[in-house]
Amino acid sequence: MGRQLPQAVATHTRAEQIAQEHQDADLVNQSRFYLCADHRHLRQYDQAEQYGQLALAGLEKQHAPDKWVASTLIELGLIASYRGDLAVAQERLETAAALYHQWGQETNYLRALNNLIGVARAARNYDQALAYYEQARPYFQSISGEYDLTMFEAAFGGIMFELGRYSEAEAAFRRANSPYLQKSHYIHQRALVAQCLGNSLLKQQRLDESESCLQASARLWAEASDDLMLANTLGTLGELYAAKGEADTAVSYLEQALFHLAKYPDDAMARRLQTEFTALRDELRRT
């Protein structure tokens, strides 16, 4: 939770060793689930997939599906999504969502639907993304935490943004950027909402407002030690300064973004951004 990911890996590795020494199969499986999540956050997808599959095999051997099976399927679905294997991601996440729904775990069910919205958006299947959103809406009143409502506002804003409905996207991102979120310890989500709001303002040519949001987002990504998302924001700042006519500043930001993106050859978003930002940088250099 504190983004101290190498320390998390070390601690969960030790937990797995102790569980094996005591022949505690449940704790071995749980430790492997956490190692899957650690490596997924580190964007080390081969290791994450390996631990996730080991955990899933062990869990299925031990007993009938339970919360650990569904949670592991969520992690494996996210890994597939980040790698660009969207059909596999959808299958894994829908299985997890069905299990949560069957058990009446509404919050986890909604989080699974939120992840499925992300997969549908990545596939540019906006009808499907809106269908998942509508599937979730009846449960909004029963959600106990404001965090999850914030996530769905951000997800809806993302759909509107990608449909080119930028004022509606901005309104959703402003709802997501609530006093609750701003005061919370959810650095990652605060950074994401600030970036999304900056994107929607940029599309509306409100450049000074956009710059403020994007700079705030970049600071939060750096604090969260998420180089890939930092690169996304830096590249967007490059687009903003290009729109302002400040080509040298724009190229500087784009090159910073490309430096970070080169670290993630296994990530589908990183590859897409690398292509987009390289093209813009090269165009600016020619002008």
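The following questions and answers concern a predicted model of one protein.

Reader: How is the model numbered, and which residues and atoms count?
Author: Residues are numbered from 1 along each chain as its sequence is written, and side-chain values use heavy atoms, with hydrogens and water left out. Because the model is predicted, local features need pLDDT of at least 70 and side-chain atom pairs count only at pLDDT 80 or more, while totals for chains, interfaces and linings use all residues.

Reader: How many helices and strands does the secondary structure of the protein hold?
Author: Helices (H or I, at least four residues) and strands (E, at least two) are DSSP runs, numbered from the N terminus. On that basis the protein comes to 15 helices and zero strands.

Reader: What radius of gyration does the protein have, and what would a compact globule have?
Author: The radius of gyration is taken over C-alpha atoms, and the globule rule is 2.2 Å times the number of residues to the power 0.38. For 287 residues the rule gives a value near 19 Å, which agrees with that of the protein, 20 Å.

Reader: Is Phe33 buried or exposed?
Author: Buried means under 20% relative accessible area, exposed over 50%, and partly exposed in between (1.4 Å probe, protein chains only). Phe33 has a relative accessible area of 9%, so this residue is buried.

Reader: How many aromatic pairs does the structure hold, and of which kind is the pair of Phe33 and Tyr34?
Author: Rings of Phe, Tyr and Trp (its six-membered ring) pair if their centres lie within 6.5 Å; planes under 30 degrees apart count as stacked, over 60 as edge-to-face and the rest as tilted. The structure holds 13 such pairs. In one of them, Phe33 and Tyr34 lie 5.2 Å centre to centre with 65° between the planes, and the pair is edge-to-face.

Reader: Why is the pair of Tyr147 and Tyr186 tilted, and how many residues apart in sequence are the parts that the pair ties together?
Author: The ring centres of Tyr147 and Tyr186 are 4.3 Å apart and the planes stand at 40°, so the pair is tilted. Tyr147 belongs to helix H8 (residues 146-162), whereas Tyr186 belongs to the loop between helix H10 (179-183) and helix H11 (187-203), so the parts tied together are 39 residues apart in sequence.

Reader: Over the ring of which residue does the charged end of Arg43 sit?
Author: A charge sits over a ring if NZ of Lys or CZ of Arg is within 6 Å of the ring centre and within 35 degrees of the ring normal. The charged end of Arg43 is 5.8 Å from the centre of such a ring, that of Tyr82.

Reader: Which helix gives the most to the lining of the second largest pocket?
Author: On a 1 Å grid over the protein atoms alone, a pocket is an open set of points where a 1.4 Å probe fits, with protein on both sides within 12 Å along at least five of seven lines; lining residues have an atom within 4 Å of a point. Residues including Arg190, Ser212 and Leu220 line the second largest pocket. The elements that give two or more residues to this lining are H11 and helix H12 (207-224). With four residues, the element that gives the most is H12.

Reader: What is the phi of Gln205?
Author: Gln205 is in the loop between H11 and H12, and at 54% relative accessibility this residue counts as exposed. Most residues other than glycine have a negative phi. Gln205, a residue other than glycine, has a positive phi, near 65°.
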